[in-house]
Amino acid sequence: MNKFKLENLDCPKCAYKLEESLKKLKFVKSVSIDFATLSILIDTSDIKKVQKEIDKIEPGVKIIISKKEENEIYESFNPKKELTFISIIFVFYLLGLIFNKQMETIPYHIPEYILFLTIYILSGWKVILKAVKNLFKGGIFNENFLMTIATLGAIAIHELPEASGVMLFYKVGEFLQDLSVNRSRKLIKSLLEIKPNYANLVTSNEVKKVSPEEVKIGDKVIVKPGEKIPLDGIVVSGNTQVDTSALTGESKQKVIKERDTVLAGMINKSGLITMEVTKPFNESSINKILELVENAIHKKAKTERFFTKFAKYYTPIIVIIALLTAILPPLLIPDQSFIKWIYRSLVILVISCPCALVVSIPLAYFSGIGGASKKGILIKGSNYLDALNSVKTIVFDKTGTITKGVFKVTDIVPYNGYTKEQLLEISAEAEFSSNHPIALSIKESYGKEIDINIIQEFHEIGGQGIKAKINNKIVLIGNDHLMHEYNIDHDTCHISGTIAHVAIDNKYAGYIIISDEIKNDSIEAVNKLKSLGIKNLIMLTGDNKDIADEVSRKIGIKEYYAELLPENKVSILEKLMNQKDKKDKIIFVGDGINDAPVLARADIGISMGNLGSDAAIETSDIVIMDDSLTKISEAIKIAKKTKIILIQNIIFALGIKVLFIFLGFIGIATMWEAVFGDMGVAIIAIFNSTRALKD
């Protein structure tokens with residue numbers, strides 16, 4: 001999939017029509033167009049052919065490939081120039097009204113036609129031109145055609161001041177709408193401008209300022225205090241503190257020293273550091289985050305898709321209503337003139353444009369996603385933002401999610417003549433080839449170099465532990481299941497904590513206690529979720545029931561499943577999915593590395609991002625960048641706020657339009673008021689949508 005900006009796309013219905021037309025092309029596998037961000041996400045074998053098809057469907061719309069042209073799109077709208085032009089026309093219009101008042105005894109005079117038709121053409125030539133072009137392409141049900149028909153109808157019934165005034169006020173409305181949309185786009189653009197602009201590349205004889213895209217893996221880069229770290233890498237000299245807010249949404253300072261990993265987008269706050277680049281910029285954490293946020297709007301929610309299709313049928317229905325309004329009352333009701341009812345039908349045509357909904361709804365979703373990303377919550381699509389409103393059950397993995405996942409040996413209890421030192425040494429040797437957190441903690445506690453020649457065999461037993469042959473001795477190290485599996489006689493089945501039991505040559509040698517702390521915010525996170533009305537909270541773990549019971553009790557989760565193998569987690573989630581109501585959604589929260597199958601199966605998979613972990617970003621629907629569980633309740637709050645904004649826009653826009661259609665039908669509303677009603681609704685809805693960007 002490739003993403004490009006679009007130039008000269010100035011109509012939300014045009015965007016929908018273009019998307020639907022491109023989907024039918026054989027050389028286009030998939031396509032999504034978003035009017036709010038002027039972007040197209042497309043999978044095609046020939047982008048030049050796509051441009052040729054666009055020229056046929058929407059002449060003038062251009063796919064932008066270069067970054068320079070892309071930036072120019074946001075700057076192409078010149079408010080000062082537009083406002084000056086509108087002001088000049090408006091002055092002439094006021095003079096025309098004064099002049100016309102004095103000449104009203106003459107029913108049809110040439111100066112009136114010259115003046116008001118000039119104002120009409122200057123104000124509406126773009127609208128008329130687009131209407132004519134669309135007419136030849138069979139596109140009659142769009143706002144340009146409707147405005148043209150309405151105003152030409154007004155001219156035909158000798159309402160020249162009103163026809164030119166409506167076109168002028170429509171232009172004013174378009175200007176204000178463009179101003180608000182442009183402001184929203186710039187807000188979104190500024191949100192995404194956390195990308196580092198340059199890197200201080202160390203060459204053989206100098207330090208050269210270059211674009212991050214030019215730096216290669218293995219290159220050395222200097223980062224000065226106050227500068228953004230341009231790429232992912234490892235610090236080779238110096239130490240400092242960094243601000244990680246661009247990645248996590250939290251402005252906490254993190255201490256960085258030699259051999260520590262740093263990520264693109266962090267801000268160096270104090271010391272000078274030299275780093276070695278480990279990833280090219282297009283694979284860096286910050287670039288993946290930016291792509292994720294920018295592309296999220298193309299995964300459209302049902303509400304968004306509904307109203308895009310709704311606009312397709314809504315306008316023709318309004319046109320039919322307007323046509324019947326112009327024809328039926330004069331035919332069926334005595335003493336009713338055609339001119340009066342034609343005028344009323346023209347008012348209905350003017351109010352019919354569905355722009356307020358078609359623009360504001362995707363903008364609200366994008367603002368919600370953007371607002372979440374500012375807090376370090378990456379939501380991969382408006383469909384997932386929508387789904388958060390229907391969450392009734394949240395299932396948590398324990399290790400690395402509720403707990404820190406950082407294991408430390410806290411006690412060693414030897415049996416049958418072994419010493420603590422002997423038990424730890426042989427356990428570390430048996431765990432040498434394992435990368436399990438428990439194995440790593442045992443090896444770290446041992447702290448000595450291990451001679452790999454003494455390890456003759458090594459077998460990892462899924463969900464139970466390890467069987468190894470060390471110096472001709474058979475060593476078993478793992479959970480209580482492993483001891484029972486090999487009929488090892490022991491009386492230590494119910495010890496609280498994470499336990500690694502050890503047996504040597506089928507004789508119990510003792511156990512090692514490994515502690516894993518509960519995260520600081522786990523209890524707070526559970527309480528916040530309960531306060532939002534989510535009572536069904538479940539914990540899954542591979543640990544024994546004693547540990548599961550202790551952890552769940554401490555954090556306030558009543559239901560848990562313990563002693564699970566990886567495949568058991570999927571089957572439990574499947575069971576929960578089958579039991580729930582179709583409308584309800586289930587979240588699974590995991591660390592994004594070992595929980596990929598469960599994250600994929602859940603309605604919404606949320607992973608702990610660990611400051612931009614590739615595995616987390618790849619496998620889940622929502623990523624919490626700083627591993628804080630309290631961000632889940634924040635994500636749900638953002639989703640609820642976005643939904644409220646959407647409902648407000650829908651009720652407000654449809655309510656005003658229905659009201660104006662009624663007022664137009666009974667002869668109270670004028671064409672001028674209809675223009676203000678139409679454009680005013682769109683502007684207010686657009687500004688309301690951007691509230692989702694804010695706290």
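Q: Is Leu-332 buried or exposed, and why?
A: Buried means under 20% relative accessible area, exposed over 50%, and partly exposed in between (1.4 Å probe, protein chains only). Leu-332 counts as exposed because its relative accessibility is 64%. Leu-332 lies in helix H10. Helices (H or I, at least four residues) and strands (E, at least two) are DSSP runs, numbered from the N terminus.

Q: What kind of model is this?
A: This is a predicted model, where local features need pLDDT of at least 70, side-chain atom pairs count only at pLDDT 80 or more, and totals for chains, interfaces and linings use all residues. Residues are numbered from 1 along each chain as its sequence is written, and side-chain values use heavy atoms, with hydrogens and water left out.

Q: Which residues make the nonpolar surface patch?
A: Patches are made of residues with over 30% relative accessible area and no salt bridge; like charges are joined within 9 Å, nonpolar side chains (Val, Leu, Ile, Met, Phe, Trp, Tyr) within 5 Å. A salt bridge is a side-chain nitrogen of Lys or Arg within 4 Å of a carboxyl oxygen of Asp or Glu. Here the patch covers about 860 Å² and includes Ile-320, Leu-332 and Phe-338. Helix H10 (residues 302–332) gives the largest share, 7 residues.

Q: How is a pair of packed helices described?
A: By the angle between their axes and the distance between the axes. Axes are lines fitted to C-alpha atoms, for helices over the stretch in contact, and angles run from 0 to 180 degrees between N-to-C directions. Take helix H18 (residues 522–531) and helix H23 (residues 630–665): their axes come within 7 Å and cross at roughly 25°. So H18 is roughly parallel to H23. Angles under 35 degrees count as roughly parallel, over 145 as roughly antiparallel, 65 to 115 as roughly perpendicular and the rest as oblique.

Q: How do H23 and helix H24 pack?
A: The angle is about 180°, and the axes of H23 and H24 (residues 671–689) are 10 Å apart. H23 is therefore roughly antiparallel to H24. Contact means heavy atoms within 4.5 Å. Among the residues that meet are Phe-652 and Phe-660 in H23, and Val-681 and Ile-684 in H24.

Q: Where is Ser-607?
A: Ser-607 sits in strand E25 (residues 604–608). Ser-607 counts as buried because its relative accessibility is 0%.

Q: What about the whole chain?
A: It has 24 helices and 26 strands. Of its 695 residues, 52% count as buried.

Technical notes:
Accessible areas come from the Shrake-Rupley method with a 1.4 Å probe; for residues, only the protein chains shown count as cover.
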